[in-house]
Every structure is written in C-alpha cells, then in structure tokens.
Amino acid sequence: MSDLEISKVLTISTGHITRRTAELMDAKEINLPVHYQWGEYGWIFWTGREHYEFDETPDDLLLCIMFAKDKGCRYLLLDRDGEGIDELPFYEW
C-alpha cells in the first residue's frame with residue numbers, strides 16, 4: 001500500500017480580499033496558475049509560492065495565500081461563509 005498524501009486547507013472569508021480582486025478573478029483577469037472557482041461564492045488556491053507572479057497577484061490575495069502557506073496549509077479556500085480572522089485585513093463588500 002502506498003502512503004496517502006493528506007493536505008491541510010485553510011478556509012477563510014472572501015472578505016479578506018477586496019471586491020475588486022473578486023471581480024478580477026470572476027472575469028479571469030488575474031493570471032494565477034493554480035486556482036479554481038469554488039461553487040458560486042469562492043475560490044481555492046494552491047499555496048505553492050514559487051508558482052505565483054508576485055507582480056501580478058493583488059496584494060490582498062497574496063497576503064491571504066502566504067498566510068495559509070505560513071500556517072502549513074497546502075491550499076487556501078476563500079469562501080463567502082468562511083470565518084474572518086484577526087490577522088488579516090477585512091473588507092466590507
């Protein structure tokens with residue numbers, strides 16, 4: 001039997017990104033190599049730092065991705081119903 005790979009996912013509120021970043025992702029105007037729409041109200045990202053264009057990724061989103069990576073998570077899920085956390089800025093929209 002092979003070893004199973006189990007990955008951690010951090011789920012946080014979409015409120016940790018700006019409305020503008022959300023609109024850019026919906027319009028597919030942000031070129032991120034590994035991200036997918038998660039249902040109707042969210043996105044999931046791989047936290048592999050070497051795969052992100054730091055100049056093209058909005059700062060609010062990059063901060064969330066790096067926060068998840070620093071917590072030892074392989075993925076970040078931004079979900080409308082996710083929790084808000086004190087360590088990251090929160091945007092009301």
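**Entry 1**

The model is a predicted one, in which local features need pLDDT of at least 70 and side-chain atom pairs count only at pLDDT 80 or more, while totals for chains, interfaces and linings use all residues. Residues are numbered from 1 along each chain as its sequence is written, and side-chain values use heavy atoms, with hydrogens and water left out.

**Entry 1. Order of the elements**

I noted two helices and four strands in the chain. These are DSSP runs numbered from the N terminus, helices being H or I of at least four residues and strands E of at least two. Read from the N terminus, the order is β-α-β-β-α-β.

Of the contacts in the chain with a separation of 6 or more, 69% are between residues 24 or more positions apart.

**Entry 2. Strands β1, β3 and β4**

I asked which strands pair with β4, at residues 75–79, and in what sense. Strand β1 (residues 9–13) runs parallel to β4 and is joined to it by five bridges. Strand β3 (residues 42–46) pairs with β4 in the antiparallel sense, also over five bridges. I count two strands as paired if DSSP finds at least two bridges between them.

Leu-76 of β4 is the bridge partner of Leu-10, and Leu-76 is likewise the bridge partner of Phe-45.

I then checked the cover over these strands. In β4, four of the five residues are buried, which leaves the strand mostly covered. In β3, five of the five residues are buried, so this strand is largely enclosed by the rest of the structure. Gly-42, Ile-44 and Trp-46 are buried on one side of β3, and Trp-43 and Phe-45 are buried on the other.

I located Ile-65 in helix α2; it counts as buried, at 0% relative accessibility.

I found Asp-60 buried without a salt bridge, and the nearest side chain of opposite charge is Arg-20, 9.8 Å away. In assigning charge I count Lys and Arg as positive and Asp and Glu as negative; His and the chain ends are not counted. Beyond its neighbours within four places in sequence, Asp-60 is in contact with His-16, Ile-17, Thr-18, Thr-21 and Tyr-91.

I placed Thr-14 in the loop between β1 and α1 (19–26), where it is buried at a relative accessible area of 8%. Not counting residues up to four places away in sequence, Thr-14 touches residues including Trp-43, Leu-78 and Trp-93.

**Entry 3. Salt bridges**

I found two salt bridges in the structure, each defined as a side-chain nitrogen of Lys or Arg within 4 Å of a carboxyl oxygen of Asp or Glu. One joins the side chains of Arg-74 and Glu-5 at 1.8 Å, N to O. Arg-74 lies in the loop between α2 (59–70) and β4 and Glu-5 in the segment before β1, so the pair ties together parts that are 69 residues apart in sequence. Arg-74 is partly exposed at 33%, and Glu-5 is exposed at 60%.

In the salt bridge between Asp-81 and Arg-80, the closest N and O atoms are 3.9 Å apart. Asp-81 is exposed, with a relative accessible area of 62%, whereas Arg-80 is partly exposed at 45%.

**Entry 4. Cysteines**

I searched the whole structure for disulfides and found zero. The criterion was a pair of cysteine sulfur atoms within 2.5 Å. Cys-64 is buried at 1% relative accessibility, and Cys-73 is buried at 9%.

Terms used: Buried < 20%, exposed > 50% of the residue type's maximum accessible area, 1.4 Å probe, protein only. Contact = heavy atoms within 4.5 Å.
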